[in-house]
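Reader: I am new to reading protein structures, and I would like to go through one step by step. Could you take my questions as we look at it together?

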Amino acid sequence: MKIKISPSMLASDFANLEAELNKCKNAGAELIHLDVMDGHFVPNITIGAPVIKALKSVCDVPFDVHLMISEPLKYIEDFVDAGADIISFHIESESNPEETIDKIISCGCKAAIAVKPGTSIDTVYPFMDKLSMVLVMTVEPGFGGQSFMADMMPKIEKLRNRYPDVDIQVDGGINAETIKVCAKAGANVFVAGSAVFKSENPAETISLLKRNARGI
């Protein structure tokens, strides 16, 4: 599986978003991870479709949009129109999962489901034939900078054994050490926030993350 690094803009300097996007692009990031929080599904509020649309106008790296919102189905068209390339929504949200997936795909976007730490990975199995990716949260969603939850690795292993060709993304506490654990379990797409944006040399950091994920 191709190793992909998706820097999380939640950890970026919000006063200089275009510069931070360019930093990711120049450092070789395959995706840009954008966390959308509504203050209801999770306690925090972040950005919405208008901000993502503005960012897309100055960045050609694919946007990996993670909807941590209660009713994702209502807003799919907004985020597709804003420039999302892949949309992850939570299986725990209030929207019907199949309808939400179908809406994402019908709008020309890739669909992904995210699962919280307390949710069984089995919940995604009925939808796997339509999904491009599954996002396994390795922290509780809603806040950046949390500690990595190694006890989520059996979920990844179980999913990889059953679906060898699907992209499996991990989000939460990913750094040069924890990425090794996730990759060994079977993940291949890694959301890295602080590890990239707090780095003095993001290109070196992303290169190191990829090497560690490959076991080099």
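Reader: Which residues of strand S8 point one way, and which point the other way?

Author: This is a predicted model, in which local features need pLDDT of at least 70, side-chain atom pairs count only at pLDDT 80 or more, and totals for chains, interfaces and linings use all residues. Residues are numbered from 1 along each chain as its sequence is written, and side-chain values use heavy atoms, with hydrogens and water left out. Strand S8 covers residues 189-192, and all four residues named here are buried (under 20% relative accessible area, where exposed is over 50% and partly exposed is in between, with a 1.4 Å probe and protein chains only). Val189 and Val191 point one way, and the other way point Phe190 and Ala192.

Reader: What makes a stretch count as a strand or a helix?

Author: Both are DSSP runs, numbered from the N terminus. A helix is a run of H or I with at least four residues, and a strand is a run of E with at least two. By that rule, the protein chain has eight helices and eight strands.

Reader: Which residue of S8 is the bridge partner of Lys4?

Author: Two strands pair if DSSP finds at least two bridges between them. Strand S1 (residues 4-7) pairs with S8 in the parallel sense, over four bridges. Strand S7 (residues 167-171) also pairs with S8 in the parallel sense, over three bridges, and there Gln169 stands opposite Val189. In S8, the partner of Lys4 is Val189.

Reader: Why do the buried residues of H6 lie on the same side of the helix?

Author: In helix H6 (residues 178-185), the buried residues are Thr178, Ile179, Cys182, Ala183 and Ala185. The arc is that of the directions from the helix axis to the C-beta atoms.

Reader: Which residue just after H6 takes a positive phi?

Author: Look at the place where the helix has just ended. The phi there is about 130°, and the residue is Gly186.

Reader: How do the buried residues of H4 sit around its axis?

Author: Helix H4 (residues 97-106) has Pro97, Thr100, Ile101 and Ile104 buried. Seen down the axis, these residues line one face of the helix, because they fall within an arc of 100°. An α-helix has 3.6 residues a turn, so residues three or four places apart point the same way. What covers the buried residues of H4 includes helix H3 (76-82), strand S4 (86-90) and strand S5 (110-115).

Reader: Which residue caps the N-terminal end of H4?

Author: Look for a side-chain oxygen that lies 3.0 Å from the backbone nitrogen of Glu98. At the other end, H4 is followed by Gly108, whose phi is positive, near 90°. The residue that caps the N-terminal end is Asn96.

Reader: Is His33 buried or exposed, and what is its relative accessibility?

Author: His33 sits in strand S2 (residues 32-37). Apart from residues up to four places away in sequence, His33 touches residues including Ser6, Asp64, His66 and Val191. His33 counts as buried because its relative accessibility is 0%.

Reader: Which side chain makes a polar contact with that of His33?

Author: A polar contact is a pair of N or O atoms within 3.5 Å; within protein, one must be able to donate a hydrogen and the other to accept it, and residues adjacent in sequence count only if both atoms are side-chain atoms. For the side chain of His33 the distance is 3.3 Å, and the partner is Asp171.

Reader: What about Ser88: which residues is it in contact with?

Author: Ser88 lies in strand S4 and counts as buried, at 0% relative accessibility. Leaving aside neighbours within four places in sequence, the contacts of Ser88 are Asp64, Val65, His66, Leu67, Ala112, Met133, Leu135 and Gln169.

Reader: Finally, what percentage of the residues of the protein chain count as buried?

Author: Along its principal axes, the C-alpha trace spans about 40 × 40 × 30 Å. Of the 216 residues, the share that counts as buried is 55%.

How values were computed
Contact means heavy atoms within 4.5 Å.
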